[in-house]
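Me: I've got a structure open and want to go through it with you. Can we keep it quick?

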Amino acid sequence: MVRAVVLPAVGAPLEITDIVLPEPGPGQVRVSLAAAGVCHSDLSLSNGTMRVPVPAVLGHEGAGTVLSVGEGVTHLAPGDGVVLNWAPSCGVCYHCGIGEVWLCVDALKGMANLHARTADGADLHPGLNVAAFAEETVVAANCVLPAPEGVPLTDAALLGCAVLTGYGAIHHSAKVREGETVVVFGIGGVGLAVLQAARIAGASRIIAVDVSPAKEELARRAGATDYVVASATTPREIRKLTGGRGADVAVECVGRPATIRAAWESTRRGGRATVLGIGGKDQEVTFNALEIFHWGRSLTGCVYGNSDPARDLPDLADHIRAGRFDLSMMVTEHIGLDGIPAAFDNMIAGKGGRALVVF
C-alpha cells in the first residue's frame, strides 16, 4: 500500500487514501517520489477543463528514485535518480517524425491504462500518465528521464513541467532575442520560470503582470525589471513602459480570454504573443479582421514549452549548476499530500508560486 491523492470523479473533492500499486511489468519502472509540484494543470484535470479518465491518481510534475524495473528495461537500474516526463513521445507518429515531439499524438495514451487499485478494489488511472501525487508510482520507462547531476531531486521535480514549459516558451516558441522586451502575464510556477528564462535569453526589460500586488518581490527575484498589477488598462501601461510601442514578446500563463487578449494588445506592431495558459473550450477570444492585418502580430499556442525534454534538460541543468536558473526560489510552500487540496484553493485565489509536495 502507498498513500496517494485520488480524484474520484470530475469536480469531486480529492481523497488522500491508500492504494495498491502493482510491481512493474515489461517496459515499466517503479519510482519512489522525492517531490511533486502542484501544477495548475492538475486543477484543470480535477474541474473538467481538461479531460481525464477517472477515478485517477493526479500529479504529473515530479522526481524520485528508481526502486525496481520490469522486463526489458536495461537503461535504468534501482537507485537511479529520475525526472518524470508526463508527455513521452512515441518517436514514430507524424509530429515526432518532423521533430515536434511535444505534439506527439500518442503522448497521453497511457492515461487510459489501469494504474493501481484502491484498498476496496476500484480501478485507478494515472492522471497525465505518471500519477505523481503518491509516495510511489509505476510508469512506462519512457516516462522517466535521468535526473541532472548536481541538482537535488526535490528541486528537480520542477523540471518535469513548470521549468520546461517556461524555458521552452521563451527559447522555442517566442524565440526571444537579446535586447528584446518581454511581458509575462501570471506569476505562478510557470510564470516564474518564464521570467528566469527571459533573463537568461538577455531580454532588456522584463515586465511581470499579476492580479496580486504581493507577488512583486517574488517576480523581481526571478528577473522582472518592472511589475504591473493587472487591470483593464494593463496594455496601456505596458506601452508606456516600452516607449509607446508595446513589448516585443508577451507570454500568457493564465488561460483566460481577457488575459490572452491583454497579452496580444500589450505587444508592439509585429510583436509575438505566446499562450501557455489552458482555458476551457467554451471560452472564446475575439479579434476583428482589420486589427489582425494592421498590427501584424502573431499569436501562438505553446504545448509543454514546445520542448524536447531529452534535449532541453541537459541545457537547463547547465543553467542551474551555473546559478543562472534558481529552482528553489520558485517554491513558496512545502507541503505533504494532505496539503494538496489547500494548494488547489491557493491557485484558484492566485496566491503564491509553486507548492511542492515533499515526501
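Me: What stands opposite E252 in strand 15?
Reply: V275 does. Strand 14 (residues 247-252) and strand 15 (residues 267-275) pair in the parallel sense over five bridges. Two strands pair here if DSSP finds at least two bridges between them. Helices (H or I, at least four residues) and strands (E, at least two) are DSSP runs, numbered from the N terminus.

Me: Before I go on, what should I know about the model and the numbering?
Reply: This is a predicted model: local features need pLDDT of at least 70, side-chain atom pairs count only at pLDDT 80 or more, and totals for chains, interfaces and linings use all residues. Residues are numbered from 1 along each chain as its sequence is written, and side-chain values use heavy atoms, with hydrogens and water left out.

Me: R261 is a charged one. What does its side chain meet in a salt bridge?
Reply: E291, at 2.7 Å, N to O. The pair links distant parts of the chain: R261 is in helix 8 (residues 257-265), E291 is in helix 9 (residues 289-295), and they are 30 residues apart. Both are buried. A salt bridge is a side-chain nitrogen of Lys or Arg within 4 Å of a carboxyl oxygen of Asp or Glu.

Me: How many salt bridges are there in the whole structure?
Reply: The search finds 15. One of them joins R354 to E61, with the closest N and O atoms 2.9 Å apart. R354 lies in strand 18 (residues 354-358) and E61 in strand 5 (residues 61-69), so the pair ties together parts that are 293 residues apart in sequence. Both R354 and E61 are buried.

Me: How about D210 and K215, what's the gap between the closest N and O atoms?
Reply: That salt bridge has them 3.6 Å apart. D210 is buried at 8% relative accessible area, and K215 is buried at 7%.

Me: New topic. Which strands make the closed barrel?
Reply: Five strands, running 1-2-7-8-4, with mixed pairing. Strand 4 (residues 56-57) and strand 8 (residues 123-126) pair in the parallel sense over two bridges. A56 stands opposite H125 in strand 8.

Me: Is the peptide bond from V54 to P55 cis or trans?
Reply: Cis, with omega near 0°. P55 is found in the loop between helix 1 (40-47) and strand 4.

Me: Where are L128 and N129?
Reply: L128 is in the loop between strand 8 and strand 9 (136-140). N129 lies in the loop between strand 8 and strand 9 too. Phi of L128 is near 50°, a positive value in a residue other than glycine. N129 has a positive phi of about 75° although it is not a glycine. Most residues other than glycine have a negative phi, and most peptide bonds are trans.

Me: Last one. How many helices and strands in the protein?
Reply: It comes to 11 helices and 18 strands. Buried residues make up 55% of the 359 residues. Along its principal axes, the C-alpha trace spans about 60 × 40 × 40 Å.

Conventions: Buried means under 20% relative accessible area, exposed over 50%, partly exposed in between (1.4 Å probe, protein chains only).
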